[in-house]
Structures are given as C-alpha cells and as structure tokens.
Amino acid sequence: MEGDLFGGILAGLVDHPYVFAVILLLALVNWNAEAQKFKMLIAGEVHLTNTRAFLTILGGMAISNFTPARTGEYIGRGLLLKGIHPIKVVIATVAGNIAQVLMTYSLGLLCIGAAILFTDFGGEITQGYKLLYVGVLCVLIVVFVVRVKRILPWAMQRLPHKLAKTLSIIKKYDKKLYSKVVTVALLRYVVFAVQFYLLLQLFSGFTMPVLALVLIPVGYLMQSLVPVPAVSDIGVRVGVSQILFGAFLTENAILQAVTCIWFINLILPGLLGTVYLLIRTIQKR
C-alpha cells in the first residue's frame with residue numbers, strides 16, 4: 001500500500017513537474033507570509049530581518065508539529081529569540097494565530113453557504129431550502145460583523161477565563177497594524193487553498209470540477225475542529241477530504257494529494273527548522 005502511494009505520488013510529480021514547481025513556490029510564499037505576520041507583531045520588541053523571521057518560523061514549526069494545536073510554536077520561537085521575554089513571543093504568536101483562525105472560520109462558513117447553494121453538499125435539499133439556509137447564514141455573519149463590538153464583550157464574559165484572556169491579546173495591537181496582519185493571513189490562506197486545489201487536480205488527471213474549490217475552505221474548517229499534533233493529523237485530513245471530494249475523485253487521488261500537502265507545508269518546514277535549531281545549538285556551545 002505504501003509502495004503504491006509513494007509510487008503514485010512520484011509518477012504524478014514526474015508527469016506534471018511544472019505544476020509541482022508552482023506548488024513548491026507557493027509553499028515558500030506560505031512560510032514567508034507567516035514570517036511577515038510574526039515580524040510585524042513582534043516589531044515592538046525586536047527588529048527582525050526577513051531571513052531571521054523566516055528561520056524563526058521554521059524553528060517554531062519543528063516543535064509545533066509534535067504538539068496538539070501547534071502549542072510548540074511558542075517554545076520553538078522562544079528558543080530562537082532568547083533576548084525577548086517568552087510572554088512577548090507568546091503574545092505575538094497567539095495574535096498571529098487568531099488572525100489565521102479568523103480566516104479559517106469566516107471563509108469556511110461562507111463557503112459552506114456557497115457549497116449548499118451550488119453543489120450537492122448537504123444531500124437532497126430542495127432549492128428553496130438551500131436559499132433559506134444560505135440566507136440565514138449570511139444574516140448571522142452580517143449581524144456578527146456589524147455588532148461585533150457589542151457581541152465580543154458579552155461573549156468573553158461567558159467564556160472560560162483562560163480563553164477570554166487569550167482573545168483579549170489582540171487589544172494590544174492597534175487596528176491599522178492588525179488589519180495588515182489579517183491581510184497577510186488572508187494571503188496565506190488563499191495560497192494554502194490553491195496549493196491543495198492544484199494537488200487534487202494533479203493526482204486526478206485534472207478532472208475535478210472548478211466548483212469543488214469551494215469545498216476546500218469547508219475542509220479546513222472541519223479539520224480545525226480536531227486539535228491533534230500536525231505530524232499525526234494526516235488521518236483527519238484524509239477522512240475530511242474523502243467526505244468532501246469522494247464524489248469527484250478516487251480514494252488514491254485524495255490520499256496522494258493530502259499526503260503531499262501535509263508533507264510540503266508541515267513536515268518539510270519542520271525538518272528544515274530542526275536543522276536550523278541544531279545548528280544554532282551547536283554554535284552556542
């Protein structure tokens with residue numbers, strides 16, 4: 001089974017080298033976008049060059065891949081920025097992650113509406129009910145955005161103290177700065193979605209309909225609800241992808257695409273980060 005999996009992946013990459021090159025280029029954009037988010041959020045404490053910010057992000061991923069909900073990011077980044085108080089690193093990292101989660105949930109919910117309206121997602125629902133469900137979803141999103149200043153204080157009073165304290169971290173940053181962070185988070189999200197779409201197309205012989213693209217944010221939203229270490233969440237990714245794309249693609253194509261994006265965006269940068277952490281450790285001895 002493993003031989004078939006890796007053989008199929010290798011064959012797909014050899015058949016479409018230019019598409020794979022674009023996917024790797026997008027991976028660099030993805031990692032650099034995360035580095036720019038962190039660089040902006042930690043700028044009040046230390047000025048990081050683009051290279052140092054990039055390597056710090058990789059170092060954080062080296063540890064976060066083995067911890068639930070990426071909590072190891074704080075440790076990895078803290079090890080590489082020892083001149084800064086650890087809580088400052090935590091605040092910057094959490095604020096960046098909140099921006100990314102905002103993208104995951106907002107775009108995921110919007111795409112659930114689009115999927116219900118334009119695909120068979122949701123089963124045998126009549127067009128009238130589809131419009132009703134999407135209309136209700138849109139109203140809820142609009143009400144939340146318009147009334148967010150009143151809703152958040154009310155909601156935070158009813159959340160567990162630790163969670164409310166974490167969400168209040170973003171108040172440390174001014175709106176202009178955090179708007180830039182959210183914009184970079186959106187760029188990173190779009191890049192990640194395009195990568196997965198290209199991989200699904202590559203391993204399916206470019207047979208997947210364009211409309212299936214709206215299911216990718218739905219998949220990311222579903223995956224985010226299961227807080228397992230990144231190094232072992234491939235099972236969750238495969239299961240969610242089979243539910244969403246099983247009507248369009250074979251099981252092998254889905255498994256190959258998920259394995260590739262998991263390795264390229266999580267394992268590969270984690271390995272590079274591990275090498276960087278080891279080099280830094282040896283240099284300090």
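Begin by selecting Phe6, Ile9, Leu13, Phe20, Leu24, Thr259, Cys260, Trp262, Phe263, Ile264 and Leu268, which line the second largest pocket. Helix H1 (2–15), H2 and helix H12 (251–283) each give two or more residues to this lining. H12 provides the largest share, six residues. By class, the lining holds 10 nonpolar residues, one polar residue and no charged residues. The volume of the pocket is about 170 Å³.

The model is predicted: local features need pLDDT of at least 70 and side-chain atom pairs count only at pLDDT 80 or more, while totals for chains, interfaces and linings use all residues. Residues are numbered from 1 along each chain as its sequence is written, and side-chain values use heavy atoms, with hydrogens and water left out.

A pocket here is an open set of points on a 1 Å grid over the protein atoms alone, where a 1.4 Å probe fits, with protein on both sides within 12 Å along at least five of seven lines; lining residues have an atom within 4 Å of a point. Helices are DSSP runs (H or I, at least four residues), numbered from the N terminus.

Next, select Glu34 and Arg77, whose side chains meet in a salt bridge (3.0 Å, N to O). Arg77 belongs to helix H4 (residues 72–80) and Glu34 to helix H2, 43 residues apart. A salt bridge is a side-chain nitrogen of Lys or Arg within 4 Å of a carboxyl oxygen of Asp or Glu; the count comes to four.

Arg188 and Glu34 are both buried (under 20% relative accessible area; exposed is over 50%, and partly exposed in between, with a 1.4 Å probe and protein chains only).

Then move to Lys88 and Glu45, joined by a salt bridge of 3.9 Å, N to O. Lys88 is partly exposed, with a relative accessible area of 31%, and Glu45 is partly exposed at 39%. Returning to Glu34, salt bridges that share partners join Glu34, Lys37, Arg77 and Arg188 into one network.

Finally, select Leu25, Leu28, Val29 and Leu187, which make a nonpolar surface patch of about 340 Å². Such a patch joins nonpolar side chains within 5 Å, from residues with over 30% relative accessible area and no salt bridge. Helix H2 (residues 17–42) gives the most, with three residues, while Leu187 is found in helix H9 (residues 175–203).

Terms used. Patch = residues over 30% accessible without salt bridge, like charges linked within 9 Å, V, L, I, M, F, W, Y side chains within 5 Å. Areas by Shrake-Rupley, 256 points an atom, 1.4 Å probe, with all protein chains shown as cover. Points joined across faces, edges and corners; volume = space filled by probe spheres on them. Nonpolar A, V, L, I, M, F, W, Y, C, P; charged D, E, K, R; others polar.
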